[in-house]
Amino acid sequence: MRQRALLLFFSFALLGVQFSCRGKAPSVQPDPMLQAYDQERDWNNADHLIPLNFEQAQGKRIFYEKCVWCHADTTPAGPSNRSNLTPTPALINDGSVLNPMTDEFLKNIITLGGSAMGKSAMMPPWGRTLSQEDIRALIAYLRVVAQPPYQPPARPASQYSVKQTSKEENPTK
Amino acid sequence: MNHEEMGRPSQSLRLTFAIASVLFLFVLAISPLKDLLQEWKRYKREYVRFAQSRPDTKRLLADYHPGIDQIWIPNLNVVDRCSTCHLGITQSSLLDPSVPEPFRAHPIVPHRAQEWGCVVCHRGQGLATEVSEAHKTTLAWEQPLLPVGYIQASCGTCHRGETPETPQLNRGRDLLVDLNCVGCHRLQGIDRPAMIGPDLTNVGTKVSREWIYKWLKEPRTMTDSNGNLVVNGYENEEEPRMPQFRLKEEELRALSAFLSSLKSPAIEPYKFDPRVVAAWEKKPDLVQQGEVRFRQMFCVTCHSLAVTRAGETKLIGGDIGPELSKIGSKVNADWLIAWLRNPKSYLPHALMPRYQWTDEDLFKVSRYIQSNLTDPDLLSNIPALGSPRPDEIQLGQRVFLEKGCAGCHVIKGTKSPTDFGPDLSQLGSKTVSQLLFGEAKIPHTLVAYIRTKITDPLSVNPAARMPQYHLKPGDLEALTTALLSMTGPPATSGLAHLIVPAPQAAFRPAGRFGELYERYKCYVCHRFNGFGGTLAPDLSFEGSRAQRPWLIAFLKNPQTLRPALTSRMPQFGMTEEEAASLTDYLEMVTQSPSVNPESANPKNFTPEKASLGKQLYEVKYQCQSCHTIGSGGGYVGPNLNNVGNWMNAAWISAWLKNPQALVPDTIEPRRDFTDEEISALTAYLTTLKQNPRATGSSGKGGTPGGSQ
């Protein structure tokens with residue numbers, strides 16, 4: 001009798017153990033490129049691939065349509081117009097020039113053009129061609145390809161900063 | 001047992017009851033304990049702790065509730081419980097990559113998770129509440145998560161047309177067309193074209209048996225004079241459309257025998273004017289003159305040639321037609337001349353335009369091709385094959401059908417098999433249990449299966465007839481993405497209305513214009529109302545843009561002033577009548593509703609206005625950063641030296657007002673010009689005229705992107 005009770009007890013215990021110990025699948029280190037929407041080759045180092053998220057990938061697309069002609073040394077068509085211009089436009093990945101500029105400044109110079117921001121009038125305004133999202137995407141792209149890498153201003157995320165960004169989303173037209 | 005003891009439970013029975021009740025209590029406790037220890041509850045508790053560590057706790061916990069969360073979208077038939085653990089998915093303050101998963105917010109994408117759920121794009125099991133069941137394949141849950149690198153496949157399940165936001169998917173779809181996958185497979189959204197590979201009905205009149213043998217064995221390889229391989233079609237981006245099949249020696253011999261025996265109808269040699277032959281035959285620079293003509297006609301806009309620069313051999317030129325570096329050693333002389341005179345007589349669906357040749361040009365150019373575009377070693381490593389024997393021909397015909405050659409190549413009198421390869425139009429929705437992995441040592445996922453099937457078909461199925469493709473890494477991912485997007489009809493009726501069909505455009509004009517449009521194959525490079533190639537400018541509104549005399553002169557003698565361009569419009573040798581007919585039609589039909597011919601009256605363009613316009617051009621707006629006038633300026637936009645003869649004033653002013661209204665993808669930014677400024681700039685630009693006799697009269701094309 002006792003034996004049977006013990007047997008019953010153990011079988012329940014086993015059942016319990018089985019439920020609680022269901023093995024976890026071994027985690028495989030994912031390929032970072034498989035986790036990215038798109039990628040861009042670092043212009044200074046062909047072996048370095050930079051993963052891009054959706055927004056940055058849209059920035060890349062707009063860059064290669066509209067901006068590459070003057071802000072890169074090689075273009076999809078071959079030669080670039082960059083060397084033709086004085087002052088020479090910054091390369092899009094030139095962090096030493098672009099990193100100190102704030103997002104706000106970049107947004108304004110792309111929207112309003114160089115002459116509105118005290119820079120060369122050769123940079124045309126894109127505010128009537130590109131949407132606000134396009135311009136945000138372009139800035140996201142140039143930030144992620146910047147060499148030396150771009151460090152966002154060290155500011156702890158707070159409710160205040162969240163509110164501020166949501167205000168920026170409604171540009172005054 | 002005495003009677004007092006009767007009815008009283010014995011000692012052992014008590015013990016059994018005691019153990020049983022303890023066990024019963026224990027069993028009762030299992031269920032609540034299990035419930036308490038569930039994975040998703042752990043994540044919920046973690047999220048609360050995480051939110052408390054953030055400055056905006058209140059906001060992060062505003063929608064929090066301790067149960068299972070789900071996004072339910074009845075009209076899509078979507079029930080997603082992903083947000084049970086992915087609690088911060090809609091919190092804009094959690095976008096930063098330093099936020100630990102699963103609490104990070106979703107990056108900004110066009111479809112918000114609240115409206116679309118997660119599985120519509122990411123696949124996986126929306127109903128599952130365990131990490132492994134939601135993300136991976138288990139026995140009961142078959143749909144694993146799609147790796148983010150292939151996520152554009154999900155865009156393609158609904159967006160059947162081209163979306164600019166998905167470069168990888170677009171590239172993959174282009175590759176499916178370029179690699180002629182529809183030759184053997186049925187694919188979703190890609191129709192069988194009129195011609196896939198060349199029609200081989202009388203290929204024996206074009207090439208020799210040895211050449212066919214070589215081509216079947218190793219399509220497109222090039223060796224230098226020392227026998228070193230310099231261009232390998234498989235290792236660079238110039239992969240030939242013809243894939244490499246695994247053919248045995250006897251199959252190679254049989255196929256080459258069969259194909260070289262196809263010689264009807266025979267080609268009648270063209271009789272050159274004897275005076276032309278007599279005049280040119282003896283000239284020492286005949287071949288050089290032929291080369292000059294070949295270059296002037298801009299054959300390289302569509303065909304590439306191997307060029308060796310600084311010790312590196314590269315193919316330079318377009319990829320619409322085949323590469324021609326060794327064409328002189330490939331084709332038979334009579335065939336070449338017949339082809340150049342009228343490509344349609346050999347291939348009814350040829351893309352090559354029918355040029356107007358003079359006997360002199362035809363003689364020079366064909367001589368140049370036969371003597372310079374050759375490779376004496378092309379067939380040096382081919383065994384002597386002799387003339388085809390009847391048994392070889394018979395075997396060859398069988399091999400032709402068995403290997404699926406007829407999927408792409410037509411031979412009159414031979415029946416083409418339909419659906420030679422498996423139907424791939426629903427490949428993207430196949431579950432792992434539907435796939436056969438064979439001996440392949442690859443992860444058992446659909447993505448790995450598709451990749452392996454393309455790069456190494458034999459490892460998955462030793463009996464596969466599929467040829468092997470050697471794709472660059474990016475292209476392999478793109479092709480896989482395009483195949484994953486083919487999920488067949490939508491899973492639910494709720495999803496059916498989301499399908500955005502690909503636009504079906506065709507422009508097949510009739511009449512004299514239609515005849516010339518077919519003869520010169522305008523649509524291979526130019527686009528008309530969304531139909532045609534993208535190599536050259538869109539001509540949908542050409543009639544509003546160009547002035548009649550300029551257009552006629554351009555068609556007769558196309559010019560460009562952009563030294564950067566390797567491709568430009570070929571010289572077709574059009575007659576005056578042909579150029580005038582084409583121009584008449586374009587001026588009449590291809591008019592833009594945004595351009596009002598009355599809007600710009602040349603009488604208003606006074607010299608004062610023009611000089612104001614010049615000032616605006618040079619100082620205020622600095623247009624010279626992109627456009628060239630005279631000898632200075634940039635070369636992003638077209639050269640404006642002759643714009644006064646080239647464009648209509650109404651077009652210029654409409655363009656300045658809103659370029660995207662006329663050419664949607666032009667790179668010229670839309671500016672904030674006042675009407676006054678537009679009128680002044682138009683006045684200035686219409687004064688820019690060049691003597692038509694001057695060399696390089698005008699640039700052509702709206703954008704560099706559109707004219708390359």
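Author: Helices α11(B) and α16(B) cross in the right-handed sense. The model is a predicted one, and every value here is computed from it. In chain B, α11 covers residues 274-281 and α16 covers residues 359-372; their axes lie 10 Å apart at an angle of about 45°.

A second pair in chain B can be set beside it. Helix α25 (residues 548-556) packs on helix α26 (residues 576-589) with an axis separation of 9 Å and an angle of about 135°. These two are therefore oblique as well, because only angles over 145 count as roughly antiparallel. The crossing of α25(B) with α26(B) is right-handed. On the α25(B) side the contact is made by B:Arg548, B:Leu551, B:Ile552, B:Leu555 and B:Lys556; on the α26(B) side it is made by B:Ala579, B:Ala580, B:Leu582, B:Thr583, B:Leu586 and B:Glu587. The class count for α25(B) with α26(B) is seven nonpolar, one polar and three charged.

Another helix of chain B, α9 (residues 209-217), has B:Arg209, B:Trp211, B:Ile212, B:Tyr213, B:Lys214 and B:Leu216 buried. Those buried residues pack against α10 (249-260) and α13 (327-330). B:Asn180 is not a glycine, yet its phi is positive, about 60°. With 18 other C-beta atoms within 10 Å, B:Asn180 is partly exposed, because a buried residue needs 20 or more. B:Lys521, also not a glycine, has a positive phi of about 50° and sits in the loop between α22 (511-519) and α23 (522-525) of chain B. B:Lys521 has 20 other C-beta atoms within 10 Å and so is buried.

B:Ser154, in helix α7 (residues 152-158) of chain B, is buried, because 23 other C-beta atoms lie within 10 Å. Beyond its neighbours within four places in sequence, B:Ser154 touches B:Val120, B:Cys121 and B:Leu146.

As for the whole, chain B has 32 helices and ten strands. Its radius of gyration is 34 Å, well over the 27 Å that the globule rule gives for 708 residues, so chain B is more spread out than a compact globule. The C-alpha trace of chain B spans about 145 × 85 × 50 Å along its principal axes. Of the 708 residues in chain B, 33% are buried. Taking contacts in chain B between residues at least 6 apart in sequence, 67% link residues at least 24 apart.

Key
Residues numbered from 1 in each chain as written. Chains lettered and ligands numbered in written order. Predicted model: local features only at pLDDT ≥ 70, side-chain atom pairs only at ≥ 80, totals over all residues. Helix = DSSP H or I, 4+ residues; strand = E, 2+ residues; numbered from the N terminus. Buried ≥ 20, exposed ≤ 12 C-beta atoms within 10 Å, placed from the backbone. Contact = placed C-beta atoms within 7 Å. Rg over C-alpha atoms; globule rule 2.2 N^0.38 Å. Axes fitted to C-alpha atoms, helices over the stretch in contact; angles between N-to-C directions. Parallel < 35°, antiparallel > 145°, perpendicular 65-115°, else oblique. Left-handed = near helix turned anticlockwise from the far one by under 90°. Nonpolar A, V, L, I, M, F, W, Y, C, P; charged D, E, K, R; others polar.
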